[in-house]
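Please consult the sequence and the model alongside the points below.

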Amino acid sequence: MRADGIFDVAIVGAGPAGLATAIECQRLGLDAVVLEKGGLVDSIRRFPVHMVFFTTPELLEIGDIPLVCHREKPSRFEALIYYRKVVQHFGLTPRLHTRVERIERLHEGNRDLFRLRLVSEREGIPDPDPVRARKLVLAIGYFDNPNRLGVPGEELAKVTCRFRETHPYFGSRVAVIGGGNSAAETALELFRAGVETTLIHRGESLSSHVKYWVKPDIENRLKNGEVTGRLGSRVVEIRPASLLVEDSAGRREEIANDFVLPLIGYRPDYRFLEAVGVRSAGPDRTPVTDPETFATEVPGLYLAGGIVAGLRTNRIFIENGRFHGKAIVRHLATNF
């Protein structure tokens with residue numbers, strides 16, 4: 001923080017994109033603060049416990065620090081260790097478990113500023129000292145905003161939009177909803193743990209984006225009936241001990257069920273973006289940014305990481321979102 005109590009840059013989000021942006025600020029001598037409502041790289045923390053990344057380690061690296069792993073591809077556990085070490089290496093001090101409740105634009109003297117009203121997620125009370133900064137980078141991702149089914153019963157306790165591990169589901173009947181990587185891999189993990197698993201997907205076939213080594217595996221399990229497949233079907237109601245499923249011909253069937261895992265993707269928090277003046281456009285509701293600098297139409301405000309892609313969340317991953325920070329900092333450094 002400068003002597004006047006104003007940061008050069010406030011970065012909201014302590015995922016890989018936010019951390020990479022903070023590192024670039026440090027390298028250019030800009031005073032930055034990182035604010036995160038969860039823990040460090042909180043989205044990765046909430047990935048399935050035994051997850052292995054699709055990509056190779058060098059594509060997850062930030063700050064030119066090597067990621068060392070035991071196998072060809074890093075695990076969630078190894079990635080968490082890596083990002084902690086990166087934060088320690090650069091001496092970053094993100095303010096974790098601190099939620100940005102509101103962002104205001106101010107004009108003080110001859111400067112335009114952002115004022116960020118904060119809430120401590122540990123204590124659940126407002127922080128009396130808002131953060132003020134000349135520039136703002138939102139690297140907030142989308143993992144807190146799962147897509148919804150929009151059906152009766154979705155609010156039941158048996159329904160969860162995130163899968164962590166198989167053990168709690170042993171001895172139960174679990175329905176996995178979705179046709180992408182998350183749904184396919186979760187169904188396979190549950191099957192191999194001895195869980196009675198049904199995979200429900202509105203398409204007649206699984207997504208073409210399913211990993212090349214996962215797709216034949218799940219397709220064989222479906223073909224053999226080891227995972228019950230309900231392709232070309234949708235859930236129309238979730239009940240305490242069952243599901244009501246409708247196929248493409250309009251036929252409905254009630255199936256016994258204990259837990260439901262809708263793994264149908266995520267979306268940005270558009271209300272948060274709109275509240276600060278960020279406009280979205282097109283069928284994918286893509287936030288409007290400069291494609292080279294990631295500057296929004298709001299002067300001094302930038303987006304970084306997965307949120308840049310709007311609803312097409314499969315366009316930006318850690319592999320390419322980690323480079324946003326360099327472009328952003330290079331641009332904002334010339335616009336103070």
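Four strands, in the order S9-S8-S7-S13, make up an open sheet with parallel pairing; strands pair if DSSP finds at least two bridges between them. Helices (H or I, at least four residues) and strands (E, at least two) are DSSP runs, numbered from the N terminus. This is a predicted model, in which local features need pLDDT of at least 70 and side-chain atom pairs count only at pLDDT 80 or more, while totals for chains, interfaces and linings use all residues. Residues are numbered from 1 along each chain as its sequence is written, and side-chain values use heavy atoms, with hydrogens and water left out.

**Sheet and packing helix**

- Strand S9 (228–231) and strand S13 (259–262) are the edge strands, each pairing on one side only.
- From one strand to the next, the twist averages 15°; axes are lines fitted to C-alpha atoms, for helices over the stretch in contact, and angles run from 0 to 180 degrees between N-to-C directions.
- The parallel pairing of S7 and S13 extends over 4 bridges, and isoleucine 177 stands opposite proline 262 in S13.
- Helix H4 (residues 181–192) packs on the sheet and touches S7, strand S8 (196–201) and S13, contact meaning heavy atoms within 4.5 Å. The direction of H4 makes about 165° with that of S7.

**Salt bridges**

- The structure holds 25 salt bridges, each defined as a side-chain nitrogen of Lys or Arg within 4 Å of a carboxyl oxygen of Asp or Glu.
- Aspartate 42 and arginine 45 form a salt bridge with an N to O distance of 2.7 Å. These residues lie 3 residues apart in helix H2 (residues 42–45) and are therefore separated by about one helical turn.
- Aspartate 42 is buried at 11% relative accessible area, whereas arginine 45 is partly exposed at 36%; buried means under 20%, exposed over 50%, and partly exposed in between (1.4 Å probe, protein chains only).
- A salt bridge also joins aspartate 144 and arginine 162 (3.8 Å, N to O). This pair links distant parts of the chain, with both residues in the loop between strand S6 (131–138) and strand S7 (173–177), 18 residues apart.
- Aspartate 144 is partly exposed at 34% relative accessibility, as is arginine 162 at 23%.
- In the salt bridge between arginine 221 and glutamate 226, the closest N and O atoms are 2.6 Å apart. Arginine 221 is buried at 16%, and glutamate 226 is partly exposed at 35%.
- Through shared partners, salt bridges join Lys37, Asp42, Arg45, Arg46, Asp144 and Arg162 into one network.
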